[in-house]
Amino acid sequence: MGFNHRRGLNPYTSPYTILDCGDIPISPFDNALALRQMSEAFLELGSRTPALSEGDNPKPKLLTLGGDHSIALPALRALNKIHGAPVAVLHFDAHLDTWNPARYSDAWESPQSDFNHGSMFWIASNEGLILNGSSAHAGLRTRLTGDGWDDHIDDDRQGFLRISSDDIDDLGTKGIINVIIERIGLETPTYLSIDIDVIDPGLCPGTGTPEPGGWTSRELIKIIRGLETLNVVGADIVEVAPAYDGNGEQTALTAAQLGFEILTSWVGSGMKQRGKSGFTAGIPDSNKDEL
């Protein structure tokens with residue numbers, strides 16, 4: 001059962017090959033070594049020649065499932081080497097994740113502790129991996145450190161546009177989609193990063209840092225579907241913590257559906273570029289709100 005009626009195709013039976021690459025083996029005892037292992041694995045996988053390599057798809061696209069959000073840093077390092085330039089980041093999350101580690105300093109500072117699931121975009125920005133001025137957060141509702149706007153000021157320096165969770169009340173899903181597309185553009189190579197805590201914990205409790213007041217799974221799926229025209233070159237779905245999930249495993253189910261939507265959009269976009277009309281007929285009317 002893989003036919004996506006929304007898009008009019010089955011991504012698993014298309015000319016594109018979808019492979020499960022398994023788990024990247026990493027050390028649970030050494031943060032620096034784990035980062036090196038992930039960085040080398042992402043570069044190796046992302047540098048391989050895909051089964052269909054003609055046209056605008058010369059490299060494979062990696063969808064990573066997690067797990068800790070820090071995996072975005074090695075993914076961005078690999079994409080920088082593969083594409084030879086920084087990429088935009090579209091980041092769905094309740095939190096900024098551009099936190100300066102110095103704002104959490106204590107008496108036992110270490111380079112390894114600077115790298116974590118809330119600082120990886122700060123590190124990536126300082127390494128020149130993120131395209132400044134074309135990136136965006138969406139679904140934000142986090143508290144800030146200190147007594148002022150320092151976190152937002154630092155986030156501005158890193159070139160992110162901030163879309164809050166509350167903005168959906170005024171803009172709707174179509175408005176959020178339009179703001180993101182206007183910000184990033186349709187040609188810019190983009191890394192899509194989805195922290196499952198962007199969804200309200202009443203619907204997706206299986207995550208480590210839940211924040212009340214989030215979007216519904218229905219709203220997020222609608223937004224992801226509306227962003228198919230972006231040039232997404234890599235993606236992740238992270239921070240799913242099965243130990244905290246409900247009896248119905250609703251968090252895992254939502255993450256799986258998001259992954260299916262991303263794969264469908266990649267295949268649909270690729271088939272459209274290849275001119276296969278049979279795979280483009282399923283695109284719904286842009287004026288119709290399917291959900």
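F160 is buried, because its relative accessible area is 4%, where buried means under 20% relative accessible area, exposed over 50% and partly exposed in between, with a 1.4 Å probe and protein chains only. This is a predicted model, in which local features need pLDDT of at least 70 and side-chain atom pairs count only at pLDDT 80 or more, while totals for chains, interfaces and linings use all residues. Residues are numbered from 1 along each chain as its sequence is written, and side-chain values use heavy atoms, with hydrogens and water left out.

A search of the whole structure finds 3 aromatic pairs, counted when rings of Phe, Tyr and Trp (its six-membered ring) have centres within 6.5 Å, with planes under 30 degrees apart called stacked, over 60 edge-to-face and the rest tilted. Two of them are set out here.

| Pair | Type | Centre to centre | Between the planes |
|---|---|---|---|
| F92 and W215 | edge-to-face | 6.4 Å | 65° |
| F121 and F160 | tilted | 6.2 Å | 50° |

F121 lies in helix α4 (residues 120–126) and F160 in strand β4 (residues 160–164), so their pair ties together parts that are 39 residues apart in sequence; helices (H or I, at least four residues) and strands (E, at least two) are DSSP runs, numbered from the N terminus.

The largest pocket is lined by 48 residues, of which L19, C21, K61, L62 and L63 lie nearest its centre. On a 1 Å grid over the protein atoms alone, a pocket is an open set of points where a 1.4 Å probe fits, with protein on both sides within 12 Å along at least five of seven lines, and lining residues have an atom within 4 Å of a point. The largest share of this lining, 9 residues, comes from α8.
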